[in-house]
Amino acid sequence: MPQDKQKTPITIGLLAHVDAGKTTLSEALLYRSGVLRSLGRVDHKDTYLDTHSLEKMRGITIFSKQALIDTEHLSITLVDTPGHVDFGAEAERVMPILDCAVLVISGTDGVQAHTMTLWKLLESYGIPVFLFINKMDLTGADREKLLADLQKQLNPGCTDFGANFDRIAEAAAMTDEALLENYLETGTVTVENIRELISHRRLFPCLFGSALKLDGVDEFLKILDTYTPRPLREVDFGARVYKISRDPQGNRLTWLKLTGGELRVRELLRYVNKDAEPLEEKIVGLRLYSGEKFTAPEQIYAGQLAAVTGLSGTYAGQGLGAEKNAPAPALEPIMTYRVTILSHADPATVLPKLRLLEEEDPMLRLVWDGGSIHIQIMGKIQLEVFKALVKERFSLDIQLDDPQIFYKETIADTVEGVGHFEPLRHYAEVHLLMEPLKRGSGIQIATQCPTDILEAPYQNLVLTHIGEKVHRGVLIGAPITDIKITLLVGKAHLKHTEGGDFRQATYRAIRQGLMQAKSVLLEPWYRFTLILPTEQVGRAITDIRAMGGSFESPENSGTLSTLTGSVPAAELGDYAQQVAAYTQGRGRLQLQPDGYDICHNPEAVTESRGYDPEKDLENTPDSVFCAHGAGFTVKWNQVSEYMHLQAGLRENRPPELITRNLRLEDRELEAIMEREFGPMKTRLYRPPENRPAAETLTIRPLKQQYLIVDGYNIIFAWEDLAKIAKEDLEAARRMLCDQLSSYAGYRKSRVVLVFDGYKVKGNLGEKQEYHNIHVVFTKENETGDAYIESLVAQAGGSYNVRVATSDSLVQLGSMRSGALRMSARELKEEVTRAQEEMRKHYKV
Ligand SMILES: Nc1nc2c(ncn2[C@@H]2O[C@H](COP(=O)(O)OP(=O)(O)OP(=O)(O)O)[C@@H](O)[C@H]2O)c(=O)[nH]1
Ligand SMILES: [Mg+2]
């Protein structure tokens with residue numbers, strides 16, 4: 001089997017709408033590169049990749065699978081994906097592990113609705129794309145028209161790579177100004193230039209051919225070998241898990257791509273499972289699969305894809321080591337069905353079995369509502385496949401009925417949810433800020449809580465509890481989405497806070513927040529393109545209106561017209577068939593999933609569900625407080641009268657009541673700062689973007705933090721800066737300034753960075769503004785320590801002031817004055833955490 005260590009490992013995914021010829025192209029590439037001695041055919045059920053009985057039966061790919069191919073320079077893992085819309089999610093989940101993609105276009109069908117869906121996904125994952133325009137052997141495939149269509153509908157950078165190098169170079173130069181200038185001067189464009197353009201998604205190589213007739217396949221291998229961008233791999237261990245499955249012996253396989261470092265058999269892997277429990281497990285075996293066969297190397301390297309045995313708590317989408325978890329997939333099932341077990345079996349024993357299938361396909365989401373099992377599913381074909389899989393794996397017959405649209409809920413205003421959990425010898429209180437986000441954002445999690453109010457480990461617990469489960473809305477109990485949940489403040493008890501207390505308080509806080517908010521019901525929508533005879537546009541418009549949809553003005557091109565717009569998935573039913581019927585087969589409806597948006601008939605849906613959030617005892621919005629040694633329940637709408645911490649949002653209570661203590665302290669500190677540094681230029685509190693000014697008034701700025709940093713001490717304590725300082729002290733200073741400046745901006749913290757000028761002869765000392773932070777160089781004979789001490793002493797024992805240093809003298813001094821101290825390591829952690837949050841928040 002291939003996989004030569006001298007060659008660059010590359011993962012390439014094959015994507016397309018159903019029947020475009022992905023599996024046929026895989027077969028052709030395997031055959032022409034010498035892996036296969038004979039050429040199999042989908043139609044003969046003997047391909048290398050469509051091996052599952054269900055795939056052979058239906059003649060379509062259902063599960064993504066891989067094959068290994070070596071070209072002259074590359075060691076390629078080719079991932080074939082299913083093209084049917086029902087399995088779109090299966091195709092999407094391999095995207096995070098692709099170095100590049102091959103989008104197959106059927107020469108007779110051109111760009112389809114599903115091609116557009118895939119194209120947009122590839123764009124959002126930033127994956128370079130090659131295009132293979134297949135089935136050119138069939139009549140009706142028009143090369144010029146197809147290329148023009150690709151350039152118009154996908155990207156103007158789609159370029160025919162079937163031409164000679166000069167033509168390719170010329171076309172490449174046209175996509176980039178600098179390159180064009182150089183090309184006009186020197187007449188040269190290098191292969192490296194072209195790879196660069198492909199890697200930045202400016203250029204998309206296209207090749208026309210026929211996978212079935214092996215036409216263009218050798219050229220395509222050559223193009224991939226030459227132009228596939230060579231990714232840089234990280235040195236530190238990192239991996240992305242994209243699939244969980246079981247081999248015929250029942251071994252649990254974790255499919256992952258190593259993005260950095262190496263992985264060895266018998267190595268211990270430390271990671272955190274879905275329930276946030278830390279695990280340490282041994283890698284029992286590594287497998288490099290190609291088709292159904294595999295080799296078992298002792299070690300794998302960055303860039304390689306492997307199935308790993310020995311891990312029990314991994315899950316699809318998980319990031320290991322330096323790698324972060326993958327973002328939530330964009331394609332998701334929009335229907336739920338009720339599962340009825342026809343065989344004689346106890347539902348309690350069936351559920352864990354079905355859970356195995358759920359783990360292997362995260363898009364099959366099971367919901368147990370206490371009485372029956374429901375399953376979320378993409379469409380009819382997936383439903384049939386699920387039934388057949390249950391039969392094959394567990395010999396169980398099931399029936400799926402009662403299809404329903406899968407709704408979601410969100411909020412329209414900003415609220416603060418409070419949860420308190422204090423039965424005897426328990427304690428936790430949590431305040432969460434809940435803000436609406438734009439459609440499709442999902443749930444975002446952050447903290448604004450200073451660690452001196454709630455220690456970092458407790459904060460992490462709260463953040464985990466927010467993220468660990470699907471929280472239900474209060475309209476119909478549907479999952480909530482598009483909300484940013486920020487930990488404002490929280491409180492633990494020195495003795496009584498136990499493991500599950502913060503979980504209870506967090507869940508209750510979310511529900512309490514939802515009860516106060518204006519909730520909004522969301523439903524799945526489709527973007528549609530309806531092409532039909534012009535005289536029937538009127539009829540179509542009436543239908544779309546009746547469905548609660550919207551549309552743009554129709555485009556007329558002679559006898560045919562095109563109507564585009566959006567419609568709720570719930571109303572669509574068999575409209576595609578209706579179109580075919582009333583246009584006598586001349587009309588065509590194309591659909592693209594368009595995510596969730598405001599429901600067109602919320603009253604009807606809410607009424608039909610009859611959900612009462614206060615009766616949903618598993619998801620209660622109420623809190624538990626303690627009096628005279630016994631816990632008692634407080635209704636959600638009275639929690640604010642009992643809670644132990646002040647509200648982060650001002651609500652209707654007199655402001656002085658809430659802010660009295662903080663304000664005094666803040667003002668005094670501010671006066672000291674002004675004496676030292678002059679009036680403040682930046683505002684303390686920046687309202688989040690997109691929020692109208694009036695609303696920001698209801699939010700009280702959190703306690704202002706002051707951070708005094710012992711500059712040189714930190715530079716020499718942080719390894720990265722120390723290294724730089726050895727070469728160039730000024731550069732290290734500048735880097736520290738930059739990091740603290742962005743930290744100060746994000747954390748709303750006032751930062752004073754002090755550099756010791758004690759030994760510098762004739763130095764007069766200097767105070768500078770560096771963006772939003774103060775930088776102080778002390779005078780000759782004035783130590784940094786002394787300056788810091790005097791600054792802290794003026795602040796007079798405020799817990800809002802922290803001093804960051806590893807110098808024990810300074811630490812001692814500031815402790816005496818009452819300020820909190822931070823070690824260099826703690827500062828590093830804080831700065832890094834702020835950077836990560838910022839990245840998450842602004843999605844940079
Ligand atoms: N004429 C012609 N037929 C082709 C060509 N490539 C594939 N086919 C046929 O198209 C049909 C679908 O091919 P597949 O390779 O299964 O397509 P796919 O994209 O893998 O389909 P899914 O995996 O189900 O999404 C089969 O009947 C192939 O024989 C080609 O170049 N020319
Ligand atoms: Mg296929």
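The points below take up the ligand shell and then the cavities.

1. The model under discussion is predicted, and the remarks that follow should be read accordingly.

2. Which residues lie closest to ligand 1? The shell around ligand 1 comprises 20 residues, and the closest are Lys-22, Thr-23, Thr-24, Asp-43 and Thr-61. Helix α1, which spans residues 22-32, contributes three residues, the most to this shell.

3. By class, the shell around ligand 1 consists of seven nonpolar, seven polar and six charged residues.

4. Polar contacts to oxygen atoms of ligand 1 come from both side chain and backbone. Thr-61 places a polar side-chain atom 2.7 Å from a ligand 1 oxygen. For Asp-19, a backbone N or O atom is found 3.0 Å from an oxygen atom of ligand 1. Leu-212 likewise has a backbone N or O atom 3.3 Å from an oxygen atom of ligand 1. Ligand 1 taken alone exposes 650 Å², of which the protein buries 92%.

5. How many cavities of 30 Å³ or more does the structure hold? There are four. The volume of the second largest cavity is about 40 Å³.

6. The lining of the second largest cavity is formed by Arg-41, Val-42, Lys-45, Asp-46, Thr-47, Asp-50, Glu-55, Lys-56 and Gly-59. Six of these lining residues are charged, two are polar and one is nonpolar.

Technical notes: Residues are numbered from 1 along each chain as its sequence is written. Chains are lettered from A and ligands numbered from 1 in the order in which they are written. This is a predicted model: local features need pLDDT of at least 70, side-chain atom pairs count only at pLDDT 80 or more; totals for chains, interfaces and linings use all residues. Side-chain values use heavy atoms; hydrogens and water are left out. A residue is near a molecule or strand if one of its heavy atoms lies within 4 Å of it. A polar contact is a pair of N or O atoms within 3.5 Å; within protein, one must be able to donate a hydrogen and the other to accept it, and residues adjacent in sequence count only if both atoms are side-chain atoms. Accessible areas come from the Shrake-Rupley method with a 1.4 Å probe; for residues, only the protein chains shown count as cover. Helices (H or I, at least four residues) and strands (E, at least two) are DSSP runs, numbered from the N terminus. Ala, Val, Leu, Ile, Met, Phe, Trp, Tyr, Cys and Pro count as nonpolar, Asp, Glu, Lys and Arg as charged, and the others, Gly among them, as polar. On a 1 Å grid over the protein atoms alone, a cavity is a set of points where a 1.4 Å probe fits but cannot get out, and a pocket is an open set with protein on both sides within 12 Å along at least five of seven lines; lining residues have an atom within 4 Å of a point. Grid points are joined across faces, edges and corners, and a volume is the space filled by probe spheres set on the points.
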